[in-house]
Amino acid sequence: MARSELAGAALVARWADSTLGPGRGGATADGQATLSEATAERAAEDLGLTLAQVQAVWDTARLAGLVEVHGGRARPGWRLRAWNRDDSAVLRGWVALFDAWSLACPEPAEHAPAAVAEVVSAMPQVLSFLQLSAGPVPVPQLLDLLQQRVTELRTERCEIPYGPQPEPVAPQPADETSLAPLLDWALRALASVGALTYGDGQATLTPLGSWAVWVKLEQICVAAQSPAGNIEQSAEAMLRGCAQLRPNAARAEYRAWLAARPVGSAVAELLGAARGEDALLRGLAFEALRVVGAPAEPDVRAVLDEPTLRPYALLWLAEHEGADPEDAHEVLTREEATWLWVDTAAAVADHGEAQLLVRHLESAVQSTVPALLDAIRAVGHPRTVQVLVALAAAHPDPALAKAVRRAAFQVHTGRN
């Protein structure tokens, strides 16, 4: 159903990608990547559509993330790239369109923006009621529910300043007469994105709309069950809170934290935490990004040029593309694997026990300690000296510890 709803948008997005190509001018009319009339007419002629149809599905493509706007220019979104191979990308695209339903149809011009905003804020409760009803609901019943919810919103917004005040004025209850055309607009907009059917004085969620509302309710429940209570923390604080949790508990915490914020900003915040000096947070950030899955792919690819994040990003992408986690390390060069070994050792040295650091020595790709030490000196990790000093202090073999200390001294003094 999602593919069917977005078929026209995908068609025009693919046409733009293949016909206009990256970097060519003249495709858009303004800084918001709106199709110019000449481009829209060309698309209509090539695709056998009307001009209005092209403009409508272009807007749908933007709302669904099939087309992304960057600096006033449009380019294909990751969902368009993943369209044929990833059903979850299609579903996420439709959910993005569903979330933007209020932009799908022009709002009634004669109503104040505040009234429109109240109805948009109240519609999740209306949709939840439709989902629970699992069948047609008469519009008068929905109007009554909308009136109650808008009145509740006005009551919640009514704040009384501190100190003596005149007799407070109760908020005005919502008026059904003014809400009726706004409910009609909201139902028509939701019908236009495929979330419900609307006609003959009643509305019914489509199976796709029912699924989307269920997913939203599930996200609310997940967010309310944050096991470690880090849901309102920054990404860095949340990751620190997860450092002592078992893997399953940590993943539950990641899911709760992610469910409480937009995917794009959450991914950006996790990558920001990964760029810090704490190597443990770097590893945990990419574990959280594994919970995000496909929506994080463009941002993860974008950090491949950052030496600090590159090995983590390569492993993430390999696993995302189907590689066995135990074999994913094969995508790393020897230098990248060594850099990752040092970074992981830094995390262990900062947060783990001495024996963990000794065991970590066994995971190096180099077959001998001298070869490992040579490789470590070559990659130039900023924590090399601290890692070697900690390893020398932890290792029970005096001869090996002495060799490691010597290597640490050589790196510190810049000698070969």
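Colleague: Which residues have the most contacts inside the largest nonpolar core?

Modeller: Leu-66, Trp-94, Met-123, Leu-130 and Leu-146, in a core of 58 residues. Helix H1 (residues 2-20) gives the most to this core, namely 9 residues. A second, separate core has 38 residues, including Cys-242 and Phe-286. Bear in mind that this is a predicted model: local features need pLDDT of at least 70, side-chain atom pairs count only at pLDDT 80 or more, and totals for chains, interfaces and linings use all residues. Residues are numbered from 1 along each chain as its sequence is written, and side-chain values use heavy atoms, with hydrogens and water left out.

Colleague: What makes a set of residues a nonpolar core?

Modeller: The members are buried Ala, Val, Leu, Ile, Met, Phe, Trp, Tyr and Cys residues, joined through side-chain atoms within 4.5 Å.

Colleague: And which residues is Met-123 in contact with, leaving aside neighbours within four places in sequence?

Modeller: Trp-101, Leu-146, Leu-183, Ala-186, Leu-187 and Leu-190; contact means heavy atoms within 4.5 Å.

Colleague: Why is Ala-294 called buried?

Modeller: Its relative accessible area is 8%, and buried means under 20% (exposed is over 50%, partly exposed in between, with a 1.4 Å probe and protein chains only). So Ala-294 counts as buried. Ala-294 sits in the loop between helix H14 (279-292) and helix H15 (297-302), and touches Trp-78, Asp-86, Ser-88 and His-320, not counting residues up to four places away in sequence. Ala-294 and Ser-88 are 206 residues apart in sequence, with 8.0 Å from C-alpha to C-alpha.

Colleague: How do you know that the buried residues of H20 line one face of the helix?

Modeller: Seen down the axis of H20, they fall within an arc of 165 degrees, so they line one face. That arc is taken from the directions from the helix axis to the C-beta atoms. Among the buried ones in H20 (residues 384-394) are Val-387, Leu-388 and Leu-391. They pack against helices H17 (334-351), H18 (354-361), H19 (369-379) and H21 (398-413). Helices (H or I, at least four residues) and strands (E, at least two) are DSSP runs, numbered from the N terminus.

Colleague: What makes E3 and E5 a pair?

Modeller: Two strands pair if DSSP finds at least two bridges between them. E3 and E5 (residues 202-205) are joined by 2 bridges and run antiparallel, so they meet the cut-off. The open sheet has 3 strands in the order E3-E5-E4.

Colleague: Why do E3 and E4 stand at the edges?

Modeller: E3 (137-138) and E4 (196-199) each have a single partner strand, so one side of each lacks a neighbour in the sheet.
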